[in-house]
Amino acid sequence: NLMSMDSWPEVMPEHLIVAPTDDDQKHRASSVLNMVLNGSIEGFSCLDYGCGEGWIAQEFRKRGAKESVGYDLEKDERWKKFTGVDFTTSVSDLPKNHFDIIFLYDVLDHCVDAESVMKNVLMLLKDTGIVYVRCHPWTSKHATHVFKQGLNKAYVHMFLSWSEIESLTGKKPIFTRKEKDPMKAYLWWFKDFKIEKQTKITETVSDFFKNKEIKEILSKEQDVSSVDELLNNMSLQFVDFQLKHKFLEQLL
């Protein structure tokens, strides 16, 4: 009955949900770096941790990085298309205390063990290096990306189980950590770093989800004592962080 409600807000207009072209991916990678980088990366060693198809790693190289490396758990066939970029599926292949910039874009919220990932990042980062992180909390409207699988309903993953979503879409949803208080989780994951900058991207939650009956369903599904607090967290769509070694501050 919930799924048949016409008044359920969409994640985005249907006509915008299309598979990106290579040009789209290039533009997106460039826009992402324009948004987060402080300046030139010319002559830097850069690592895209959780690189996916490799577009950001390629953009690093185009911007003059002396070394660009992409790491992900599984090899992607597109890696063969890029020149001047090294790709690997093994963390042990990556040199320690080496990278000037490490980038994690929409990675940590999809990791089984985010703390271990950040320990790896700390090990790979130069003492003077910078880590750029974009977090995409589970409480956001499209955290599990199921809108790309035909289920274009905001926050739907907070009302359905993984198996229910799979039965509707025919595909397994992307694993996403169920952090109901995402900022608390992020601050814990980054406890070994100094947070140089933190930027929250928020969006007002539709009144649809503030309806008494919908709130009752949400509260029951998520087993929370304060559904209003959860609704407040649901306004947080992304959080961008800039991190450095914590011990540098202590030395200064």
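Which residues does Tyr 49 touch, not counting residues up to four places away in sequence? Tyr 49 touches Tyr 71, Val 91, Ile 102, Phe 103, Leu 104, Val 107, Val 117, Asn 120, Val 121 and Leu 124, where a contact means heavy atoms within 4.5 Å. This is a predicted model, in which local features need pLDDT of at least 70 and side-chain atom pairs count only at pLDDT 80 or more, while totals for chains, interfaces and linings use all residues. Residues are numbered from 1 along each chain as its sequence is written, and side-chain values use heavy atoms, with hydrogens and water left out.

**Overall fold**
- The protein has eight helices and seven strands, taken as DSSP runs (helices H or I, at least four residues; strands E, at least two) numbered from the N terminus.
- The radius of gyration is 19 Å, close to the 18 Å that the globule rule gives for 252 residues, so the protein is as compact as a globular protein of that length; the radius is taken over C-alpha atoms, and the rule is 2.2 Å times the number of residues to the power 0.38.
- Of the 252 residues, 48% count as buried, meaning under 20% relative accessible area with a 1.4 Å probe and protein chains only.
- Residues 24 or more positions apart make up 71% of the contacts with a separation of 6 or more.

**Nonpolar cores**
- The largest nonpolar core has 31 residues, and Tyr 49, Ile 102, Leu 104 and Phe 190 have the most contacts inside it; a core is a set of buried Ala, Val, Leu, Ile, Met, Phe, Trp, Tyr and Cys residues joined through side-chain atoms within 4.5 Å.
- Helix H3 (114–124) is among the elements that give two or more residues to this core, and H3 supplies the largest share, five residues.
- A second, separate core of 24 residues includes Val 11, Phe 147, Leu 160 and Val 205.

**Pockets**
- The largest pocket holds about 1,700 Å³ of space; a pocket is an open set of points on a 1 Å grid over the protein atoms alone, where a 1.4 Å probe fits, with protein on both sides within 12 Å along at least five of seven lines.
- A volume is the space filled by probe spheres set on the points, which are joined across faces, edges and corners.
- Of the 39 residues lining the largest pocket (an atom within 4 Å of a point), Arg 28, Tyr 105, Asp 106, His 145 and Lys 148 are closest to its centre.
- H1 gives the most to this lining, with three residues.
- The second largest pocket has a volume of about 150 Å³, and its lining includes Met 35, Val 36 and Tyr 132.

Terms used
Buried < 20%, exposed > 50% of the residue type's maximum accessible area, 1.4 Å probe, protein only.
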